[in-house]
Every structure is written in C-alpha cells, then in structure tokens.
Amino acid sequence: MFEMKEKMERVILVGVSTSDEDDVEKSLDELEELAETAGAICVGRVIQNREQIHPASYVGKGKLDEIKELLWEFEATGIICDDELSPAQIGNLKDELDTKIMDRTLLILDIFAARASTSEGKIQVELAQLKYRQSRLTGYGTSLSRLGGGIGTRGPGEKKLEMDRRLIRSRIGKLNHDLKEVKNHREVAREQRRRDMLPVIAIVGYTNAGKSTLLNRLTGADVLAENRLFATLDPTTRGCKLESGQEVLFTDTVGFIRKLPHHLIDAFRSTLEEAKYADLILHVVDSSNPQIDEQMYIVYETLRNLGIQDKPIITAFNKKDRLTEQVILRDFQAEKTVCISAKTGEGLDQLNECIESLLREQKLLIEQVFEYRDAAKIQLIRKYGELLSEEYTEEGIHVKAYIPLQIYNKVVL
C-alpha cells in the first residue's frame, strides 16, 4: 500500500533594505509566519542592502547567485520576496533561478482564498486575485503564438493573451456586480440599525491581536479564534447588552498587516467600511508583541487610507496574561486605554466601563418629571437610552437618563 502525503513547499525568503529605517529582519519574520500559515517551510533567508529595489530582478546579480546556492543546498522549491513584484521581475527571476517565484501579495491572497468561507468573502478574494493576475498578464510569452515580423512568419497574434484579458475583465465585471448587491444589502442592514438606534462598535486591529477571541468573550459568539495570522476573514456582527442595560452591536473586521496589498484593500473596502459607519472604534492591540508600536502605526495608517477618522477610539491592550514584566502601554490617539486579557476575561469590566463612558458622551443627559400618562416615553428611554434613575411622586415620574439625540423630540417635547 502506498501512503499519499502532500509535499510541503520549502522556501527561501528574500528581502531588500533600501534605508536604515527599514527593519527587514522583522518584516521577514512576519513573512515567515505568513508562509507557515500557508503551509510552507522556510529553510533560509536572504537580505540585500541597496539604494533601491533592482527594477529587473528585485535583487542584484551577486544575491541571485547566493539564492541559487541556497536553493540547491536546502532543496528549496521556491522563493518568496517581501515586496510585490512586477511582471518583468517575476519573469526574470524565473529565467534566472528556474524555481517557483512568489511575492508577499500572492502569499496573502493564497491565505485569504483558503480562509474565506462566506459568499461575500469568496467574492472579495477572487476579485483581488483577478486584479492581481490582470496586472501581470504579459504578451510574447512562451505559451503565446506570436512569431514576430517578416513575410511568412506572422502568427495569429496574441489570441491567448487577449482571450485571458477578456475573460478576466468579464469575470471582474460580474464579481463587482455581485459585490455591489452585497454592499446594498449591507447598507440596508446598516440603515435598519440606525432606525433601531443601536450603537455599533467596530473591532479593528493588527492580525492575530485577539479580535475574534474578544468578540467571543464579549458577546458569546462562536467565531473561529486561533493563534495564527488571518484566522478569520469574514466580518461578524453580534449583539451584546452592557451592564447599564444598553444594547450595542460589535462588528469584527479583517486584521491589518504591513504591506497589505492594495488589491485587498480595494476588494475588502465594503467590509472595512463597517468601521467607517461605527459609533466607536475598539482597537485591539497585542501587548505581548515586541513590534507593538509599529503594528499600531500600521492600523492607524490603514484607517486613514480608508477615510476612517474622527471616531472615538478605545485601545484595548490585549494578551495581558502573556506579559512577563511590567511595561508602559500608551496610545495617544485613543480617548481611553485599558489592559485586558480576552483569553482569561481580566480587565473586561474596565473595558465595558470605557465603552459606556464614551457612548454616554454621544448622548444627552436629561432630568425631567413626566406625567403618569406619558409613561410610554420612559419605555422609549429604556429601549434606546440609559435610565439612571426613576422616582414616582405625586407630581409625576422623576427621571434622570442619557438619551440619543434622535429621540430627544419624542421624549422631551
């Protein structure tokens, strides 16, 4: 009997440092995590210091010879470059090294394709993959039929290339139409939430910061939560009742990462826009990660690129249980910060207090006496606001409460 076993890819990681500020080692550490997530084994790494990335082959001739030796020495099946490669660079590297050539973008797309489970996630991933492929379709390849100029040598032209381009354009058009329908459905759901006046809290953060674990802990959801990059891709919205009785909605979003491919940002824009329409941003940070400052910067930079600004932010420094020594954790861009462990539940009471405090700042504080015939208005306050106290007297019902601006006219006037 033959035992069938899938052969794991053995890869060499390749990076280029173009300035002293570049920390290519850390970037390759993350690239190695991505490769392992995709099912590959990293057997070596090569870093070259250059003024700029080589326009033809990503790295220079000397490093190409070094990579050749490593491929042979470690029996590697391919290389993964830390930056997005141009079609010319991919072609030249293939010709020079005669091995599988991948870049960071292709690797992330591969992981996303394996993880997407909902129809929306699959549409978004396929759209990103096709846009990536479309930009890399080149003519005059070995599989094409063009022969060159001269009498009797003209082939039928680049028919395969043109057909590929047409098929990809057609498929992209179909996927954009499907995604537009999904976006319309999302906007309908968003409008319904606005009518229900339920505050929405968007959970954002670097990949593997613990967003899904926190969502599960806060709402009792059953979202996949694993200690690896991009464990969950599809957005999840769950309801939760705070200590004050206030009902809120938590929405999980896809994790951010350095050098996030622009194809993915475009494709997942409708998903990430959940944060744009949220009342509050809950920024989850892995406090045990040595690259914490850089990861926080990448999250805020991505939010700015998406036009998500001027939102109240709570930063939750997660994985407190992993800290082995006292560290000072700060986020000057957040209104409030709190240290928590989504795994053990430590600090979640303080997090709830921070959420309630910021939500109150978006409401109006009223103190009023209601006649007994207007008791229905108090029910309205209970449903959409936060009832702090009510006292029944001869004059009426003395009420102190926080209410949303949307119901002020219905309650007070």
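Predicted model: local features only at pLDDT ≥ 70, side-chain atom pairs only at ≥ 80, totals over all residues.
What share of the 413 residues in the protein is buried? I looked that up before anything else. Buried residues make up 47% of them; buried means under 20% relative accessible area, exposed means over 50%, and partly exposed is in between, with a 1.4 Å probe and protein chains only.

Residues are numbered from 1 along each chain as its sequence is written, and side-chain values use heavy atoms, with hydrogens and water left out.

Next I checked the overall layout. I find 13 helices and 13 strands, taken as DSSP runs numbered from the N terminus (helices are H or I with at least four residues, strands are E with at least two). I also looked at contacts, meaning heavy atoms within 4.5 Å. Of those between residues at least 6 apart in sequence, 66% join residues at least 24 apart.

Then I went for the cores. A nonpolar core is a set of buried Ala, Val, Leu, Ile, Met, Phe, Trp, Tyr and Cys residues joined through side-chain atoms within 4.5 Å. The largest one has 62 residues, and Ile12, Ile79 and Leu93 touch the most other members. I followed isoleucine 79: leaving aside neighbours within four places in sequence, its contacts include Ile12, Val14, Ile67, Leu71 and Leu93, and also Thr99 and Lys100. There is a second, separate core of 24 residues, with Leu218, Leu242, Ile314 and Leu358 among them.

A cavity here is a set of points on a 1 Å grid over the protein atoms alone where a 1.4 Å probe fits but cannot get out, and lining residues have an atom within 4 Å of a point. Points are joined across faces, edges and corners, and a volume is the space filled by probe spheres set on the points. I count two cavities of 30 Å³ or more. Helix 11 (residues 348-361) gives the largest share, three residues. By class I get two nonpolar, two polar and four charged residues (Ala, Val, Leu, Ile, Met, Phe, Trp, Tyr, Cys and Pro are nonpolar, Asp, Glu, Lys and Arg charged, and the others, Gly among them, polar).

How many aromatic pairs does a search of the whole structure find? One. Rings of Phe, Tyr and Trp (its six-membered ring) pair if their centres lie within 6.5 Å; planes under 30 degrees apart are stacked, over 60 edge-to-face, the rest tilted. Tyrosine 372 and tyrosine 392 have ring centres 6.1 Å apart and planes at 25°, so I call the pair stacked. Tyrosine 372 sits in the loop between strand 11 (364-370) and helix 12 (375-384) and tyrosine 392 in strand 12 (residues 386-392), so the pair ties together parts 20 residues apart in sequence. Tyrosine 372 is partly exposed at 42% relative accessible area, and tyrosine 392 is exposed at 52%.

Last, some single residues. Serine 27, in helix 1 (residues 24-38), is buried at 5% relative accessibility. Not counting residues up to four places away in sequence, serine 27 touches Asp82, Arg104, Arg258 and Lys259. Aspartate 310 has a positive phi of about 60° although it is not a glycine, and is exposed at 81%.

How values were computed
1 Å grid on protein atoms, 1.4 Å probe; cavity = no way out; pocket = protein on both sides within 12 Å on 5 of 7 lines; lining within 4 Å.
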